[in-house]
Amino acid sequence: MSKLSVIIITLNEERHIGACLKSVNWADEIIVVDAKSTDRTVEIAKQYTEKVYVNEWLGYSENKNIALSHASNEWVLWLDADERVTPELAQEIQDLLKTNPAENGFEMSRRAYFLGKWIKHCGWYPDYVMRLFRREKGIFNDNRVHEGVQLEGSKRRLNHDLLHFTDDSLEHYLWKFNRYTTLAAEEQVKRKKRSGLFKILFRPLHTWLKMYIFKLGFLDGVQGFILCSLSAGYVAVKYAKTWELDRKLENDSSGGNNK
Amino acid sequence: MEKISVSIITLNEEKNIGDCLKSVNWADEIIVVDGESTDNTVEICKQYTDKIFTKPFVEFSSQKQYALDQCQYPWVLSLDSDERVLPELKEEILELLVSKEISHQGYYIARRSYFMNKWIKYCGWYPGYQLRLFKRDVTHVSPNRVHEGFIVKGTTAKLKYDIDHYSHPTIESSIKKLNHYTTLEARDRVNKKKVGVHNFIFNPLSAFLIKYVRQQGYRDGMHGFLLSWIASFLKMVLYMKIWVLQKYGDSVVNADGES
């Protein structure tokens, strides 16, 4: 039977890391690469594995590749700290590895939880991610925010799900919302995209209708409504910040100082 | 001539405090009460005054009362770090202090608040009179948690000139404030009326109409629109946070699947 290494990178994940590691305690090896957490992450991780390495934060793909380099088994399962392997998925993976499959990579769908509820619609499910692969056939590429595995060879989908506990606090959600919309606005300006009242009004409406009506978000209850509305707000703020930044750059370059 | 103290409380205000203190360098003394800033605030204050006191920040009213207690002159001007006294206002105050008989014990001052560097004249922001100049002996701070204010025993009047108020320099800073404020406010309101989806729709809508139409925010152009939009987004986030607290209390429980 082929053996499995689980790899996880962490930074201040004390709330999540215990439950995450517990969900893969059946694996042959667990590698944790911690980017100098200041909370109890490392202490908790050590209860589940001896292979906890501390490495400064170099970026998502860099730290994941470091974790990958510590893995010693034929198969690798990569997880984020806010994810859990369901017992059904664990069984499926164990059965799979016994058969010595022909593929080099396997995708699984993720169940994302928002404010305590599994969001089945809104375009959030199923959200297939490639997480299980032959160690020698995969490497993490350096797409800045949404890093992924570059896989050599074929892949296939598994039947069971991964759990993903995204946001259980609106304060934290809005903190990310604020940060990401600023980055997204900078990206818009860099790509010379313009913004104005029309986009600020109608793009969010489009997002809301798409998620809530066409992708059946109304079936996700109050959480579905909150998620769709905040996602629409995200789009509005992104375009508002684009307008703000555009205007600021114009003022700066025309030598205008309107303070 | 009557002498005057300026009273200011700070907490991590390195971006603002220099310009603020510069605008009152004509006062007889400047009292700064710092709530243990971790940035350069105190260093900058030292360039303008040696009367800097440190008191751990608990809430605004007790912090302001403490600052008031440190003032030694009969008249006090209370200022926030993001405010500046305009030159015309300085002259007006100095003229008032040399007059033989000062007719009132307290004076209200109008504020010009800026959003993204533009003075917002509508949206209910101007003049927004604040009681900021008063006789120390007859004044104390009212112990209200969020909207603290001064209470003056005696008669009051309005001054003619304004304070500049840089409260919302960017959309990002506005959303940061919104996030913080709604978290506090939601905790205060959790035991009041039960909140539902209708509050996510109608309260924001009415907030927008009040700012943009009734308070004529449209006359502030795009800035007025964005400000009204943010005010309505704030209401939506507030009710969503109350909903989460009413449903889960302080920690969200991730329900499995069907609910």
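Predicted model: local features only at pLDDT ≥ 70, side-chain atom pairs only at ≥ 80, totals over all residues.

Colleague: Which residues is N55(A) in contact with, leaving aside its neighbours within four places in sequence?

Modeller: They are V33(A), A35(A), N63(A) and I66(A). N55(A) and I9(A) are 46 residues apart along the chain, and their C-alpha atoms are separated by 9.7 Å. For another pair, K117(A) and L89(A), the separation is 28 residues in sequence and 20 Å in space, C-alpha to C-alpha.

Colleague: And is K117(A) buried or exposed?

Modeller: K117(A) counts as buried because it has 21 C-beta neighbours inside 10 Å. This lysine is found in strand β7 (residues 117-118) of chain A.

Colleague: How should I read a strand, and which way do the residues of β4(B) point?

Modeller: In a regular strand the side chains alternate between the two faces of the sheet. In β4(B), W75(B), L77(B) and L79(B) point one way, while V76(B) and S78(B) point the other way. Five of the five residues of this strand, 75-79 of chain B, are buried, so β4(B) is largely enclosed by the rest of the structure.

Colleague: Which strands does β4(B) pair with?

Modeller: Strand β1 (residues 4-10) of chain B runs parallel to β4(B), joined by five bridges. Strand β8 (residues 130-135) of chain B pairs with β4(B) in the antiparallel sense, over three bridges. Take W75(B) as a landmark: I4(B) stands opposite it, and its bridge partner in β8(B) is K135(B).

Colleague: Now the cores. How many residues does the largest nonpolar core have?

Modeller: In soluble globular proteins, nonpolar side chains tend to be buried together. Here the largest nonpolar core has 97 residues, and those with the most contacts inside it are V6(A), I7(A), L77(A), V237(B) and M240(B). The largest share of this core, 16 residues, comes from α7(B). A second, separate core of 33 residues includes I8(B), L21(B), L89(B) and V141(B). Looking back at L77(A), its contacts beyond four places in sequence include L4(A), V6(A) and I93(A).

Colleague: How many residues of chain B are in contact with chain A?

Modeller: The size of an interface is often given as the accessible area lost when the parts come together. Here we can count residues instead: 29 of chain B are in contact with 27 of chain A. On the chain B side, the elements giving two or more residues are α5 (171-189), α6 (197-214) and α7 (221-248). The most comes from α7(B), with twelve residues. That side of chain B divides into 19 nonpolar, seven polar and three charged residues.

Colleague: Finally, what scores does the model have?

Modeller: The model scores ipTM 0.86 and pTM 0.85. Chain B averages a pLDDT of 93, and 96% of its residues score at least 70.

Methods:
Residues numbered from 1 in each chain as written. Chains lettered and ligands numbered in written order. Contact = placed C-beta atoms within 7 Å. Helix = DSSP H or I, 4+ residues; strand = E, 2+ residues; numbered from the N terminus. Nonpolar A, V, L, I, M, F, W, Y, C, P; charged D, E, K, R; others polar. Buried ≥ 20, exposed ≤ 12 C-beta atoms within 10 Å, placed from the backbone. pLDDT = per-residue confidence, 0-100. Pairing = 2+ DSSP bridges. Core = buried A, V, L, I, M, F, W, Y, C linked by C-beta atoms within 7 Å.
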